Amino acid sequence: MRITSTSCICPVLVCLCFVQRCYGAAHHGSIKVTRNQTKHIEGETEVHHRPKRGWVWNQFFVLEEHMGPDPQYVGKLHSNSDKGDGSVKYILTGEGAGTIFIIDDTTGDIHSTKSLDREQKTHYVLHAQAIDRRTNKPLEPESEFIIKVQDINDNAPKFTDGPYIVTVPEMSEMGTSVLQVTATDADDPTYGNSARVVYSILQGQPYFSVDPKTGVIRTALHNMDREAREHYSVVIQAKDMAGQVGGLSGSTTVNITLTDVNDNPPRFPQKHYQLYVPESAQVGSAVGKIKANDADTGSNADMKYTIINGDGSGVFSISTDKETREGILSLKKPLNYEKKKSYTLNIEGANTHLDFRFSHLGPFKDVTMLKVIVGDVDEPPLFTMPSYVMEVYENAKIGTPVGTVTAHDPDTANSLVRYFIDHNTEEDRYFTIDASTGTIKTAKIFDREETPWYNITVAASEIDNPGLVSHVPVGVRILDVNDNPPELDRDYDVIVCENTKPGQVIQTITATDKDNSANGARFHFSLDEGLSLNPNFTLRNNEDNTASILTRRRRYSRTTQDIYYLPVLISDGGVPPLSSSSTLTIRVCACERDGRVRTCHTEAFLSSAGLSTGALIAILLCIVILLAIVVLFITLRRSKKEPLIISEEDVRENVVTYDDEGGGEEDTEAFDITALRNPSAAEELKYRRDVRPEVEPLSRHHPSSSLDSIDVQEFIKQRLAEADLDPSVPPYDSLQTYAYEGHRSEAGSISSLDSATTHSDQDYNYLGDWGPEFKKLAELYGEIEPERTT
């Protein structure tokens, strides 16, 4: 197969290609393809020959960015099997086959139908095959070939990181490197000069230069001064084709700023300054400012101000404001126009950060002279002392002098001064002051124990100018007077044991005094001499502001006396001495052998008889146990009770309370009371069901006929005897109530209770014979009888 290509990128290459093609056509004609085969010669041994390639390939090239109206011719495929009769069919497969690249299946011509961009894809891999058109069988094996996109200069250099911002110190040496810039070209760097870039400077000369090959920017002048010019804008160009005519170019901007160095010393604008300061200026206040100029910035302009000499160095001080870099002049001592009217100061301003490379430009400091004029003002009165401390005794009379304050007019006029107290607090009202002399007096009687110290404020003003006022603090200490007697420091609970010995210390007491130590620190203790000698206790003064209480007896008894009272006299060491009397209460207590208190209460008689506490506790414990046993026994007995009467109705529970007199027949409807009035009507005696009686009751020995002749009194006695002798009665006392009205009267009973059960056949006509008192009753019963008959 023969391959023909026309992809040349310049006239020279086109000519070379043309000569090559003509030369090849004249000498070689078409390139034939032979299959791998082994030739057999009759009569000779088999000879192996090197197989030959069926395809002869050269790389195809196609120019990028083809803008012609017709498809761009790429090359031609030709097989030696192709006789020109159209029997060979060429097939193209692979990248872009059928879309970008098309082939004439008869002639083998390949064309590009689209404009290609090498920067997007540099080559395409395709496969070619020649087949028999009639049989569709391959005439040659499928082979791979490459179509390369040939570059043209269609991309300009670009600065991907621009624009740039960079700094370089001022006063740098010439040739100091500032920045390296780099431009990139998308064209093929291996083919021609399309990607060969050259740098040049379009703007920024003569201050800066750029290396054509590396793109390094450098300073081009000596001692570039920031104070003269700080910012520079440099334009750098990158051009391909090695800078030749027709090459493409791109540019970027480099903004260069000169940074400051300390190459400028500070300078005061003037050599002489004058400052006016009134004498009323407060100490510590700022009275003026001064500044030295420095063309540098930042830390290179920092400076420090000092007063190097002058007669005012002890009166004034100077400091530096770091923000404004000004010198602040302050007052160290008060000014007095009458004593000194002016001061002279020499002030120096010097840089604090020096660069020794530029020391030849110094010195980096400057000096100026400042004259301070003191102004005369009308000043308020001036006290002779900044504060006063005075003393006065407590209980002093009102109007007692405490002390005197003094102030004068510092001005030359020497005006008269008036004094007064600022009544801003309650303490200021406790004192008065003489307006002319300044003498302070008491306005109340003081008690040191209540308030030992007072603070007041005294003011002074000029009579001619009351608006000018000065103040001074005055402290008044209240001195102590022995006006409080001593007393016991607390309430003592003194205990003495019954088994104590004579001369034994039972308590140590001390005292306190509201007065201070000068009038009450020394205490003396004694017993009241006006009383007779105490036979039970005595007191010993320990001479150290304490006293001891001692016993004088061998034994004490609580049963005889359990509390004793001991008066104690206490006096202080003040002038004049004061004393007071206090009474100690001493309790008698029972103690153990080691002195521990057992009890202080009066015990029972058995205790005094000799029984110990343990024996008493044992006796009480036994009593408690016995009581518990009794309660338990009673509880068990009660839990076994059952009803004493097993009848269906207990007459004791049928109790009805009513207020009627002679209710008539209705009263008998509540219950049958004939059992109480008529023993013969009582039910048969009932017995307990849980106990079998061992003795028959007495009632069983009497026939029922005898009950008719017995009265209620005998019936009750009979039942009492049965209750005493019958073992089946309840095991506890029971109360059985029977109503007994005595023997029947001759008139009979007027109650209707007997008629509750049956109708009576009695004739009530005899009631009319009883007299007028029973007339109404006779009428009532006389009316009832006919109704019954009816």
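How many salt bridges does the structure hold? The structure holds 19 salt bridges, a salt bridge being a side-chain nitrogen of Lys or Arg within 4 Å of a carboxyl oxygen of Asp or Glu.

This is a predicted model, in which local features need pLDDT of at least 70, side-chain atom pairs count only at pLDDT 80 or more, and totals for chains, interfaces and linings use all residues. Residues are numbered from 1 along each chain as its sequence is written, and side-chain values use heavy atoms, with hydrogens and water left out.

**Salt bridges**

Strands (E, at least two residues) are DSSP runs, numbered from the N terminus. Asp302 has 23% relative accessibility and counts as partly exposed; Arg325 is also partly exposed, at 23%. On this scale buried means under 20% relative accessible area, exposed over 50%, and partly exposed in between (1.4 Å probe, protein chains only).

Elsewhere, salt bridges that share partners join Arg226, Glu227, Glu230 and Asp260 into one network.

**Aromatic rings**

The whole structure contains 15 aromatic pairs. Rings of Phe, Tyr and Trp (its six-membered ring) pair if their centres lie within 6.5 Å; planes under 30 degrees apart count as stacked, over 60 as edge-to-face and the rest as tilted. Tyr556 and Tyr564 make an edge-to-face pair, with 5.8 Å centre to centre and 75° between the planes. Tyr556 is buried at 1% relative accessibility, and Tyr564 is buried at 7%.

One aromatic cluster is made of Tyr430, Phe431, Phe446 and Tyr454. Over the ring of Tyr430 sits the charged end of Lys444, 4.4 Å from the ring centre. A charge sits over a ring if NZ of Lys or CZ of Arg is within 6 Å of the ring centre and within 35 degrees of the ring normal. The charged end of Lys341 likewise sits over the ring of Tyr337, 4.7 Å from its centre.

**Nonpolar cores**

A nonpolar core is a set of buried Ala, Val, Leu, Ile, Met, Phe, Trp, Tyr and Cys residues joined through side-chain atoms within 4.5 Å. The largest has 24 residues, of which Val405, Phe431, Ile440, Val458 and Val474 touch the most other members. Among the elements that give it two or more residues are strand 24 (388-393), strand 30 (453-462) and strand 31 (469-479). Beyond its neighbours within four places in sequence, Val474 is in contact (heavy atoms within 4.5 Å) with residues including Tyr388, Met390, Tyr454 and Ile456. A second, separate core of 22 residues includes Phe268, Val315, Tyr343 and Leu370.

Conventions
Helices (H or I, at least four residues) and strands (E, at least two) are DSSP runs, numbered from the N terminus.
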